[in-house]
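Trainee: Could you walk me through how to read the helices, sheets and buried residues of a model like this one?
Mentor: Gladly; let us look at it together.

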Amino acid sequence: MSLNQQQCIELVTRAITHSGELHKLPPSDWELLIRLSRKLKLLGRIAWIVDNSDQRSEIPSRAMNQLDSGLIQARKLQQATSWELDRVCWALQDTNITLVALKGVAYPLAGLPASGARAYIDLDVMVSEDELPVVESELLAQGWQHNQVSSYDEKYYRDWMHEIPALIHQERETEVDIHHAIVPKTSRLKCNSKLLLDESVPTSKRGLRVLNPVDMLIHCAVNLFNNNELADDLRDLLDIHDLVIHFSSKDTAFYSKLIARAKLLGTGRPLYYALHFSQKLFNTPIVDSVLQSVPNQPSGMTLKLMAFLVPRTLYPLHPDHPSRISILCRFLLYLRSHWLKMHMRELIPHLLYKSYLALGGGNTDG
Amino acid sequence: MRVAELSCSEFRTRLSTAGLRIKLGPFNVNIRSNLLSLTKQLYSLYSEHLLADNEIAEVHVSVVRAIALKTPFTPHVRFLLDGRSPYPLFPAYQALAALEWGINLGIAIRTNHLLLLHSAVVEKNGHALLFPAWPGSGKTTLCSALVHKGYRLFSDEFGLVDPDSGECIPIPRLMPLKNTSIEVIRNYLPKAQMGTSIANTQKGTVAHVVPPCDSIANANIRAHAKWIIFPKWVSGSSVEISPISESTAFLNLASNSFNYEVLGQTGFDTVTRLIRECRCFTLTYSDLNDVIDALDRLVEAQ
């Protein structure tokens, strides 16, 4: 691995695994850590770590100002997103529809400790597929509207994906993504998302639920290793780490439930990767016997390949000296994510069309 | 150490390798470019800025050569903020304008520990005057004139306010004049150092005025604001300074901020404190000598 890429990986990893030693970092390391954390949307997290470990007075003020700025922004984004969730619930209050909050906005509802410092921008919720038309029409009637999308993208979302095109309220800026499943319809991973809705857990707010702990972790794993492109997505792996630690501490049967559920849902592969990489990179205390029980594990060769590609992609490129190998790794995992989301008959035309657009085709304003 | 104390070749080496690291008010900015024309302009226009060697830089920018797909033989440049390009390509001769706007962006989008007002700020007798931006204000032109007539430049664009102390923080930088203002200031201040005019930018023709040396040298000296003045240049008008209500001033100031909403309660408290500690006015003017006289009298009267 290039020295620069290595340095990036080590610097960010140690900020998480040896967070008590942040005050020992020299100014040059702080400068790079700030730049990398900004890319990873982890400024708020590191500010939270610094305050939780009482190291504020020992951190260089320029670094601390940037960390604080990141945390302030994260809090603002959270406020905007939870308000949006409140408004969506309000808009649907006369229907009998149950909304399941997903990802970032669900973590505080599930009591995750570091969730207050997490920066997330969109609101993700899930409803059952047959309730989707009612939800969509109700929101459209009450002031939300779809982003202007091309007819191609419209078809992409409705026919292939697991969500409808994003909705934004006329007066606000938060995007609302309404999912009916956790994987696209065209995905090679077949997962019965209805099971997730059925076993969701209530929150203190009527009509609003979150996924149960095991499903929350599985969803995070599926999202990261099946839906996302993985580039700079380290924060999602950190979510895995947080979810594992939090839920396993509350339920001694958590791991056995997790394995059983992964078997039932057919999500063994992404779960394996999530647990494996969390353990490898963040020292998440997952015993090997748990890892070995995960169904549908990758072959030795496949795992070796992923072990090469994944870290170089999850962590950011060095901002001044990007590694060409890492760029290649990212590209390969980008292809992988599309290959997993669609079959060849859909994928090839889709990638060709997207490349055509990227080169300026069909673009009227240059 | 000032940029002027570097030899031209040393300056060029820094800029084209690890980067030129300079202080811009409370921020350190690392600039990289190997464009010769931009290098020469910066060596001249940034000569009084202090270097920030061995200090953490908060903003990393670069200006690099790029090829425009549609006009591949016209030289273009790309502005990069931490390796990402937030703007379309610029013709190469606009590189300085691109850099200055880009640095504004880099500072604006990542600063939330300070309140960022969209405002010119100058200081006299230990107190700051805020000139919030609004259409037709002519704040940069007014600011350029004031800082050559006894006022110290804090900024022509960013009113940085520390929420803890309530102080304004200087960030003296090149002041970009637009279109007819360029000629106005050239005539009014024939001795002021100005960059070459850059035509056909998104904002018209732009030329940058260099701040006086002492504005840069004293950039670490903060001040509390005492006046908030909403200027409006109206052709042929005489100078008129009229008080406005605190509530109007609050609304206009807060809605003219880059990050008031992000700061939430802190933003509200900081603007409230400013409004309460300052006298608030609207200002109509056309002649620069007249308006400077009027402001001098306003400042002396306190």
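Predicted model: local features only at pLDDT ≥ 70, side-chain atom pairs only at ≥ 80, totals over all residues.

Mentor: Residues are numbered from 1 along each chain as its sequence is written, chains are lettered from A and ligands numbered from 1 in the order in which they are written, and side-chain values use heavy atoms, with hydrogens and water left out.

Trainee: How do I describe a pair of helices?

Mentor: Two packed helices are described by the angle between their axes and the distance between the axes. Helices (H or I, at least four residues) and strands (E, at least two) are DSSP runs, numbered from the N terminus. Axes are lines fitted to C-alpha atoms, for helices over the stretch in contact, and angles run from 0 to 180 degrees between N-to-C directions.

Trainee: At what angle do helix 1 and helix 2 of chain A cross?

Mentor: Helix 1 (residues 3–17) and helix 2 (residues 27–40) of chain A cross at roughly 85 degrees, their axes coming within 10 Å. Helix 1 and helix 2 of chain A are therefore roughly perpendicular to each other (angles under 35 degrees count as roughly parallel, over 145 as roughly antiparallel, 65 to 115 as roughly perpendicular and the rest as oblique). In this contact (heavy atoms within 4.5 Å), Q7(A), C8(A), L11(A), V12(A) and A15(A) of helix 1 of chain A meet D29(A), L32(A), L33(A), L36(A) and L40(A) of helix 2 of chain A. By class, the contact of helix 1 with helix 2 of chain A has eight nonpolar, one polar and one charged residues. Here Ala, Val, Leu, Ile, Met, Phe, Trp, Tyr, Cys and Pro count as nonpolar, Asp, Glu, Lys and Arg as charged, and the others, Gly among them, as polar.

Trainee: And which residues join helix 3 to helix 4 of chain A?

Mentor: First the geometry: the axes of helix 3 (residues 43–52) and helix 4 (residues 61–91) of chain A come within 7 Å and cross at roughly 115 degrees. The contact is formed by L43(A), G44(A), I46(A), A47(A) and V50(A) of helix 3 of chain A, with M64(A), Q66(A), L67(A), G70(A) and L71(A) of helix 4 of chain A. Those residues divide into seven nonpolar, three polar and no charged.

Trainee: Now the sheets. What holds strands together?

Mentor: Strands of a sheet pair through backbone hydrogen bonds, either parallel or antiparallel. Two strands count as paired if DSSP finds at least two bridges between them. Chain A has an open sheet of seven strands in the order 3-4-5-2-1-7-6, with mixed pairing. Its edge strands are strand 3 (144–146) and strand 6 (201–202) of chain A, each pairing on one side only. Inside the sheet, two bridges join strand 1 (residues 99–101) of chain A to strand 2 (residues 123–126) of chain A, and these run antiparallel. V100(A) stands opposite M126(A) in strand 2 of chain A. Helix 6 (residues 132–141) of chain A packs on the sheet, touching strand 3, strand 4 and strand 5 of chain A.

Trainee: What is the strand order in chain B?

Mentor: Chain B has an open sheet of five strands in the order 1-2-3-4-5, with mixed pairing. Strand 1 and strand 5 (90–91) of chain B each have a single partner strand, so one side of each is left without a neighbour in the sheet. Strand 1 of chain B is joined to strand 2 (residues 27–33) of chain B by five bridges, running antiparallel, and L24(B) has F27(B) as its bridge partner. In that hairpin, which has two residues between the strands, G25(B) takes a positive phi near 60 degrees. Five bridges also join strand 2 of chain B to strand 3 (residues 59–66) of chain B, but these run parallel, with R32(B) opposite S62(B).

Trainee: Is I182(A) buried or exposed?

Mentor: I182(A) is buried, with a relative accessible area of 1% (buried means under 20% relative accessible area, exposed over 50%, partly exposed in between, with a 1.4 Å probe and protein chains only). I182(A) lies in the loop between strand 5 and helix 8 (193–198) of chain A. Not counting residues up to four places away in sequence, I182(A) touches several residues, including M126(A), H162(A) and H219(A).
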